[in-house]
Every structure is written in structure tokens, then in C-alpha cells.
2 protein chains.
Amino acid sequence: MQRITIEDVAARAGVSPTTVSHVFSGHRPVRDETKAHVERVAVEMGYRPNAVAKSLRVQRTNTAMIILPDITNPFYPVFARGVQDVLRGGEYHTLLCNTDSREEEERAFLDEAISRRLDGVVFMGYWVTQPELAAVAAAGVAVVNLGERFDDAPIDSVRSTDEDGARDATSYLLNRYGPSVALIDGTKTAPVARARTSGFHQALSAAGVALRPDHEVSEDFTRAGGMRGMATLLDSASPPRAVFCANDQIAIGALDEARKRGLAVPDDIAIAGFDDIEAASMVQPQLTTVHNSPDALGAACGEMLLSRMTRQYEGPGREVVVPAELVIRASA
Amino acid sequence: MQRITIEDVAARAGVSPTTVSHVFSGHRPVRDETKAHVERVAVEMGYRPNAVAKSLRVQRTNTAMIILPDITNPFYPVFARGVQDVLRGGEYHTLLCNTDSREEEERAFLDEAISRRLDGVVFMGYWVTQPELAAVAAAGVAVVNLGERFDDAPIDSVRSTDEDGARDATSYLLNRYGPSVALIDGTKTAPVARARTSGFHQALSAAGVALRPDHEVSEDFTRAGGMRGMATLLDSASPPRAVFCANDQIAIGALDEARKRGLAVPDDIAIAGFDDIEAASMVQPQLTTVHNSPDALGAACGEMLLSRMTRQYEGPGREVVVPAELVIRASA
DNA sequence: GTGAAAGCGCTAACAC
DNA sequence: GTGTTAGCGCTTTCAC
């Protein structure tokens, strides 16, 4: 199991390490005969190139990292696959990292990306600030942010029309069920939560409905969070007639809680979500939600990252916005 | 953006690179005063250790790879998180790789693991053979296989009682709905498909029911596959009374197809799945299925891999079997 | 078309 | 408690 190096191969093939290197890289012509011979010897000896040594030498790792808050939220695997599909085409490999929405983990992975000299990172986080992310870019790692735009750092951003989508969904609820519409929000520090909350507020203002603190609860972006949020709302002095949830996982949890209490959806209480994950159309009643496009978002992130990693683009931060649209089903 | 090295720090702090190295590693005592000074200088200069150089030197990357067939199957993210949770405790990082069930991708990732000198890999695949995986282990990468056991390679394996679970589910269907029970299988080369198919066959034999080729269709392990499989079965000369599906995604697809055709489940046709993913209890009717424990499987894989990567264990292949049990709900 | 040799940034003998 | 130095395995100038 001691490892064969390029020198071992060179020695056995009777050529220089330089030649062996060029046989593999194709960076300069090698006589056909020599080439064939070297290749044969390499296979015979079971030579495996050492990517670590190569990376140290060429100062590139051909690897990108995707940092995500929750891999068990079905939105993200689809997103990640979108990124990977375009990166693979560019000969880049991808590490998928899961922060579990934890602040320390977000920082730890970003740190890792710098130490390991990764070529790029696609980041989606709840805690890390713009200057911190800018520092990662300054350390020479290409960065694409899934979320807010960056104005003074060379960081591209990709986002959905979260604010508009939330506004549309809330307006729909308001029109159909009257002014008593509540919000179950996700992790409050999340930029995406802020955007959706803001859309929710806009709709209320537009309809001339006053904000009610007792009609806004904040949990995390999970099914369990949705159950807790719904319980709080239903136990309050004046339960809402309809509720807008910051994502589908929350909405599904809210549905669970309503069902547990024997409440009919939407007749007793209407529920809408955000994302349109696959499960949104599997639950009963099917979820009214805002359709989001994880694959398109992933592909956009992959493309921007690729263009930066290859240095095809080196300018200021760009922004891609992918539309998210209300889809009305049975739950509201 | 030119990078600060340990030598730059050493020069500025007026010590040797060795001392700087030991300040960070703690591998030998450094005078408190010196240590504090070096740390301050390092921060001032924005020094970031280069993990690539370190890996080349120490011949370890502190990184493991998880290779999975389909990250969008909710079973796997949970599994992956189980692995990561234990690996993180051992200071190991984890790359998550998605083969999309493709043969070339399985090989490509395994190859990558060797080139990048990863310390270990948790593998779940459909195509790669035992000898091929043994070669990865022989190249010095610790290997844990999610699936079949290995007898003559130092590769640990972790699996569910797939055969028993499939047998139990099929027997239940047979008892309750009579002998007309069909199978919608997943990708045929998958070891897990073979095990579940074998359990299905055992139950038929035990009940004295003859195998019927027209009651066995093979698709892939997806919702779309389940729809296609169900369509084939329903379009056949003698549609079955009940169907056992090789996983829940397939079962949910089968449910979709039945609903599309206006068939009542389980009254017209009964459906059972395998895995008990979260969605199994979200669909209507709720899925009768075999409960699998992705988190326990993941943790077991993580532990075996860790013990091998740290060389705490270096013996022959071990095996962990996690029980999978029938859970009866409404679909059958 | 081929080779010699320097060096990527780090660690760890082996000195003292 | 600290420093000198030799590589880890590769790529790439520079030379022929």
C-alpha cells in the first residue's frame, strides 16, 4: 500500500518525471511511442496521481463547497443538484456541507473553504454577515450567495422574488379570508425570513390592516417548528382565520397541528406555505404555496460561480433573480 | 490577496517556522510569551494555514466522502446527517457526493477519493462490484459499505434487514388481500433491490403462491418510476390486488397513478412501501411501509469508518445490521 | 521531443 | 524551549 509516485513510474519507464507529468496533463507533446509506454507502465504499477500534491503546486483545488442550512429540507438537495450539475461540466468537484442552521458551523465551513484553498463556495446562511463573507472572497475564494445582494464585494447573488411571493400569498389570504391573517416565520436572522416577512407586512399595509404582534410567531424552518407555531397561534386569545408560513415545512407542521386539534383546513383555518416542495402536493389538503425553483436557483449559482472560478468574470457582484409564483391549491 | 505563509509569520515574529507551527499544533511546548506573540502577529497579518500543504506533508486529509445514489430521496439526507454527526466529533470533514445512480459517477467518485487521498469513504452504490471496492480499500482509503457484507476485504458493512422486512410486508399483503400480490422493484442491479426482491419471493413461496413474471416490474427508485410501474401493472391482462414497492418513493408514485385512474386505495388496490420516509405519513392514505432507520444506519457507518480512519481498528470486515419493521397504516 | 531542478507551504526528525 | 533542514509529490520554467 505504499504509494507509487510519478518518479517511480519515470524510473521504471526510463524517462524523466517531467515526461510522465506531460503524458498525463497533455501540456506538451510527447512522442506517441513514449506516451504509450509510460501509460502502460503507469497502469502496471497501479500509479494514482496525487491530487493533493498537484493542488499545492498549481494553487488550485478544482473543488467548490456548497454550504446549506438544512440538508433534510427537500428544497436544498434539489438546489444542490442544480449547482453540481453545472459544476461537474466545468470539471469541478463539490463538497456539500450542512450547517444545521448553526452559527458556529457556518463560520467553520467558511474557514475550511479558505484553509483548504477551495476555488469557490456557494453560501446560504442565517448568521454570517456581509463583511464576513466579503473576507472569504478577499481570501481568494470565489463566492456566490443564495440570498441578499452584495454591493461592495465581488460576490454574486441569486435569489427568488421572496418578498413579492410572500406579498402575493398574503394578499390572497386577506382577500379570501378577511383581515385575520397570521405569520409563522422561520429563523429570524435568516435573510430569506426577513424578505418573506417584509412581503407579509406589505400586503397587510396595502390592505389597510394593522400589524398585530400576537399574530406573528417565529420558529425554525421545520415541520416541528410549524407545529409549535400553529399551537401558539391557536392557543392565543384570538386565533387567526388564516396563516401564511415562511416555508412549506412549517406549513406542513401547521397542518399537522390543525388536524391534531380536529380543525378543518381551510374551513376552520386556512394555511399557505412557500417553496412548493414535492411534499406540498402530497399532503391533504394539498398546499397553497409559492412556487420556488430550486433547480433554476442552483443552476444560476453554479454558472456564476463557474465564471468566477475560471476567472472568465472578475468584476463586481452580479445578481440573478428567479421569479416565485403563487400556486393555489386546496389548503387556502 | 497573495497568501501569508508560516515563514512570513515567523520572520515578522522573529522566530523560526518550527515554532510557529508548534504554536498552532500544540505538538510541543512553546514559551507562553512567545506563543502569545506569534498568535498576535499571525492574526495581524491575516495568516490562514494551508491545509493542502499540511495534508501533503502528513499524508492525511482528515476528510471522508459519502457516496450516495440519490440525494433527492429523503432517506439519504437523513442518513448523511447521521454519518456527519459522528464524523464531525472525530474532527473529520465530509464530502457528500451524488451519483444519480450512474455507473460512471460511482467509479469517478471512488477514483477521486483515491487521488485526493481521502481518509475514508462511506459507499452506497448500484453498480460497482466487490473487487472494485476492495481495490479502493487496498489503495489506503477506509471503506464502509451501506449494503452487502464483505468477506475477504477489510471493508465494514451496514445494512437493514431488507430481506426480512420485504418478506414481512409481502406476507401481510398476501394474508390480507389474497395471492394476487405484485412487486414494483427499483434499479435491478442495486444490492438493496435484490435483497428486497428476495424477501418478496420468500413470502410468496412460503404461502405456496407461484411467481408470476407479469407481476414483477422493475423501474428506478423514484416517484416517476412508481407511476410507470403501476401503470404497467394496471394495464396488464390481470392487474394485481396488492402491490409491494421496493421503496416509499415508488409507492408514492404508485399511489399517484392509482389516484389518477380513480382507483381507491386500499379498496381497489392495496399499496405498501419500504423505508418510512417522512412523506410516507403525509400522503393520503398514509402508507403501510417497512420502517427503516437512516439515522441509525448513518451513525453506524460513521462509527465504523471513524474507527478505521483513526486506525483504532484494522481487522477484517465487520457487519452491523439494523432492524427494519413493518408499520401498518392505511394504504394496505 | 526530453530532462534537471526549483519550489508550492507545511511538519517533524534531529540538532542544540 | 527553540532552530535547521529535508522532504511530502507534483508542475513548470529553463535548458538542451
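**Strand 4 of chain A and its sheet**

Okay, so all eyes on strand 4 of chain A, residues 142-146: 5 of its 5 residues are buried, so it is largely enclosed by the rest of the structure. Buried here means 20 or more other C-beta atoms, placed from the backbone, within 10 Å of the residue's own. Strands are DSSP runs of E with at least two residues, helices are runs of H or I with at least four, and both are numbered from the N terminus.

This is a predicted model, where local features need pLDDT of at least 70, side-chain atom pairs count only at pLDDT 80 or more, and totals for chains, interfaces and linings use all residues. Residues are numbered from 1 along each chain as its sequence is written, and chains are lettered from A and ligands numbered from 1 in the order in which they are written.

Now the side chains. In a regular strand they alternate between the two faces of the sheet. Here A:Ala142, A:Val144 and A:Leu146 point one way, A:Val143 and A:Asn145 the other.

Who are the neighbours? Pairing takes at least two DSSP bridges between two strands. Strand 3 of chain A, residues 120-123, runs parallel to strand 4 with 4 bridges, and A:Val122 is partnered with A:Val144.

Zooming out, the open sheet has 6 strands in the order 2-1-3-4-5-11 of chain A, with parallel pairing.

Technical notes. Buried ≥ 20, exposed ≤ 12 C-beta atoms within 10 Å, placed from the backbone.
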